[in-house]
Amino acid sequence: MRSTFLPFCRPSIDDADVAAVTAVLRSGWITTGPKTTELEESVGTRCGAAHAVAFCNGTAAMHCLFIAGGIGPGDEVVTPSMTWVSTVNLLELLGATPVFVDVDRDTLLASPEAMEAAITPRTKAIVPVHYAGAPVELDGFRRVARKHQVALWEDSAHAIGTRFRDEEIGATGTGIFSLHPIKNVTSGEGGVFVTDDAELAARMRRLRFHGLGADAHDRNQQGRSPQVEVVEPGLKYNLPDMNAALGVSQMKKLDLFTARRDELTRRYRELLADVEELSPLADPTWPHRHARHLMIVRQTDASPLSRDAFMAALKARNIGTGIHFKGVHRHAYYRAKYPDAGARGRLANSDWNTDRLCSIPLFPDMTEGDVQDVVGAIKDAYAKARTSVPAGATP
Ligand SMILES: *Cc1c(COP(=O)(O)O)cnc(C)c1O
């Protein structure tokens with residue numbers, strides 16, 4: 001057994017990252033400034049987005065997007081239940097109604113057809129998730145959005161570096177990347193909004209910083225115009241340069257990180273191929289480049305362990321795991337508010353995965369030995385579970 005704990009995720013921070021942040025600390029300007037602009041340029045250039053706006057986190061960017069999109073009471077927004085809670089929490093806070101759709105059992109991706117079927121005259125937007133770094137079938141989503149005149153907002157939190165066919169995620173349309181420490185590239189905390197809509201980008205910049213006609217950085221460069229006025233009520237969601245500098249430094253390693261994640265994923269798949277107790281997620285059938293954000297496995301019917309028992313067994317063997325995610329409709333608040341959301345098998349695949357999935361360690365600094373430790377611990381956990389429960393006994 002490992003003598004040290006292997007977390008399911010650890011950011012890859014090198015000397016260049018440390019030097020980049022230190023330089024900002026010594027520069028005399030530590031909040032939103034030139035490094036934030038550089039990060040916006042870096043992400044925008046990388047994915048080919050016409051406009052990129054950095055935020056203090058992805059959720060903050062989404063909050064401003066929902067405000068910019070006029071989401072409020074009486075509006076419906078269609079989202080998979082298999083997503084992070086940010087989307088649905090924001091809809092609740094704005095008085096709008098989340099409409100949950102199910103996902104594919106083995107990719108956790110929502111389909112354009114499922115989302116289209118959930119559209120009503122009150123629908124304002126659809127928010128698919130590029131789950132675990134795999135792209136949804138974007139052509140179909142674009143068709144649905146055009147046909148029904150609803151906004152298409154991509155939750156690209158897992159998808160920096162992902163491609164749908166030959167197209168980088170973020171190159172067209174509107175989406176949000178997260179730079180949280182567990183994501184593939186991090187700025188400590190952070191998010192980047194990308195869009196091809198110039199007007200929307202300008203509105204997002206304004207909403208990000210008090211609704212002022214110019215943000216802190218502009219004011220600095222223009223010698224701080226103290227006369228700048230509130231054009232509309234906004235928020236205080238700007239990203240400090242201390243964080244942006246880390247993001248800029250990390251963006252330089254995006255392709256290296258992705259290649260390493262891809263290698264580790266392939267190795268896991270080889271070593272787990274004969275483990276019938278586990279089912280890793282499948283890749284989409286359409287052409288894509290996967291960002292390999294998470295290594296998600298599900299307990300099959302052949303597993304002697306429940307998901308929670310599996311996670312405990314790995315923890316006892318010094319291996320960390322995470323849950324990405326529990327269907328939002330299964331969280332306490334949403335169970336109480338929308339008790340019928342998952343009724344009659346409407347969210348059957350989300351429920352199946354909610355009960356069975358967890359993420360095993362995947363991060364670029366992992367070694368071949370780490371992967372073998374994880375697989376060894378998994379096999380050992382199943383072997384022990386089998387011998388401790390006599391055949392025929394009810395566990
Ligand atoms: C991480 C994440 C977010 C939110 O990003 P933050 O930067 O943590 O606010 C949104 N959606 C999904 C699917 C995520 O995984």
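Analyst: Helices and strands are DSSP runs numbered from the N terminus, a helix being H or I over at least four residues and a strand being E over at least two. This is a predicted model, in which local features need pLDDT of at least 70 and side-chain atom pairs count only at pLDDT 80 or more, while totals for chains, interfaces and linings use all residues. Residues are numbered from 1 along each chain as its sequence is written, and side-chain values use heavy atoms, with hydrogens and water left out.

User: How should I read the pairing of strands, and which way do β5 and β8 pair, parallel or antiparallel?

Analyst: Strands of a sheet pair through backbone hydrogen bonds, either parallel or antiparallel. Two strands count as paired if DSSP finds at least two bridges between them. Here β5 and β8 are joined over 3 bridges in the parallel sense, whereas β8 and strand β9 (residues 191–195) pair over 5 bridges in the antiparallel sense. Ser178, for instance, has Gly191 of β9 as its bridge partner.

User: Are the faces of β8 covered or open?

Analyst: In a regular strand the side chains alternate between the two faces of the sheet. Both faces of β8 are covered, with Thr174, Ile176 and Ser178 buried on one side and Gly175 and Phe177 buried on the other.

User: What is opposite Asp155 in β8, and which side chain of opposite charge is nearest to Asp155?

Analyst: Asp155 belongs to strand β5 (residues 151–155) and stands opposite Ile176. For charge, Lys and Arg count as positive and Asp and Glu as negative, while His and the chain ends are not counted. A salt bridge is a side-chain nitrogen of Lys or Arg within 4 Å of a carboxyl oxygen of Asp or Glu. Asp155 is buried without a salt bridge, and the nearest side chain of opposite charge is that of Lys183, 6.9 Å away. Leaving aside residues up to four places away in sequence, the contacts of Asp155 (heavy atoms within 4.5 Å) include Met62, Thr83 and His130.

User: How many salt bridges does the count come to?

Analyst: The count comes to 36 salt bridges. One of these pairs is Asp373 with Arg2, whose closest N and O atoms are 2.8 Å apart. Asp373 is in helix α14 (residues 368–388) and Arg2 in the segment before α1 (15–27), so this pair ties together parts 371 residues apart in sequence. Arg2 is buried at 15% relative accessible area, whereas Asp373 is partly exposed at 32%. Glu38 and Lys35 also meet in a salt bridge (3.0 Å, N to O), and being 3 residues apart in helix α2 (residues 34–47), they are separated by about one helical turn.

User: How many disulfides does the structure hold?

Analyst: A disulfide is a pair of cysteine sulfur atoms within 2.5 Å, and the structure holds 0 of them. The sulfur of Cys9 is too far for a bond, because the closest cysteine sulfur, in Cys358, is 14 Å away. Cys56 is likewise in no disulfide, as the nearest cysteine sulfur, that of Cys64, lies 8.3 Å away.

Terms used. Buried means under 20% relative accessible area, exposed over 50%, partly exposed in between (1.4 Å probe, protein chains only).
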